[in-house]
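Please follow the points in order, with the model open.

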Amino acid sequence: QLQLVESGGGLVQPGGSLRLSCAASGFTLDSYTVAWFRQAPGAEREVVSCIAGSDGSTYYADSVKGRFTISRDNAKNTMYLQMNSLKSEDTAVYYCAVPRHRRWDYCPGYVPQLSSYWGQGTQVTVSS
């Protein structure tokens, strides 16, 4: 059974930090493109950050550049999203995702409609 399980969400004050984790089981993340999406209430799901499977290049949405860092640990079969300097507008449910096609690696074009494996989501709330 292919599965992605997120953890690490929670409530944090503006300016604070959180690290999200996404553990894969049933398949190995190695060489797959991996990504984090988020969905705020009333908004569409959007890609936040991505690592291309072919060369390890990273992509960040403009709204999180300089604040968020995506990484992966192939030995642990886990991907991470380090979120610093959090803002209220970062409040959303965060999802990890992996495209079903192992060779797909165009991060700027990674849209929610692409056939993917998805985690169950973890809530991040930034509030004082």
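1. The side chain of Arg67 reaches the backbone oxygen of Ser85 at 2.9 Å, a polar contact in the sense of N or O atoms within 3.5 Å, where one must be able to donate a hydrogen and the other to accept it, and where residues adjacent in sequence count only if both atoms are side-chain atoms. Arg67 itself sits in the loop between β6 (58-60) and β7, strands here being DSSP runs of E with at least two residues, numbered from the N terminus.

2. Before going further, note that this is a predicted model, in which local features need pLDDT of at least 70 and side-chain atom pairs count only at pLDDT 80 or more, whereas totals for chains, interfaces and linings use all residues. Residues are numbered from 1 along each chain as its sequence is written, and side-chain values use heavy atoms, with hydrogens and water left out.

3. Arg67 counts as buried because its relative accessibility is 10%, the cut-offs being under 20% relative accessible area for buried, over 50% for exposed and partly exposed in between, with a 1.4 Å probe and protein chains only. Leaving aside residues up to four places away in sequence, the contacts of Arg67 (heavy atoms within 4.5 Å) include Gln82, Met83, Asn84 and Asp90.

4. Met83 in turn touches Arg67, Phe68, Tyr94 and Val124, among others, again not counting residues up to four places away in sequence. Met83 is also one of the residues, with Leu4, Leu81 and Tyr94, that touch the most other members of the largest nonpolar core, which has 29 residues; such a core is a set of buried Ala, Val, Leu, Ile, Met, Phe, Trp, Tyr and Cys residues joined through side-chain atoms within 4.5 Å. A second, separate core of eight residues includes Phe37, Val47, Ala52 and Cys107.

5. β4 runs antiparallel to β5, joined by five bridges, with Cys50 as the bridge partner of Ala35. β4 also pairs with β9 in the antiparallel sense over five bridges, where Phe37 has Tyr95 as its bridge partner.

Technical notes
Helices (H or I, at least four residues) and strands (E, at least two) are DSSP runs, numbered from the N terminus. Two strands pair if DSSP finds at least two bridges between them.
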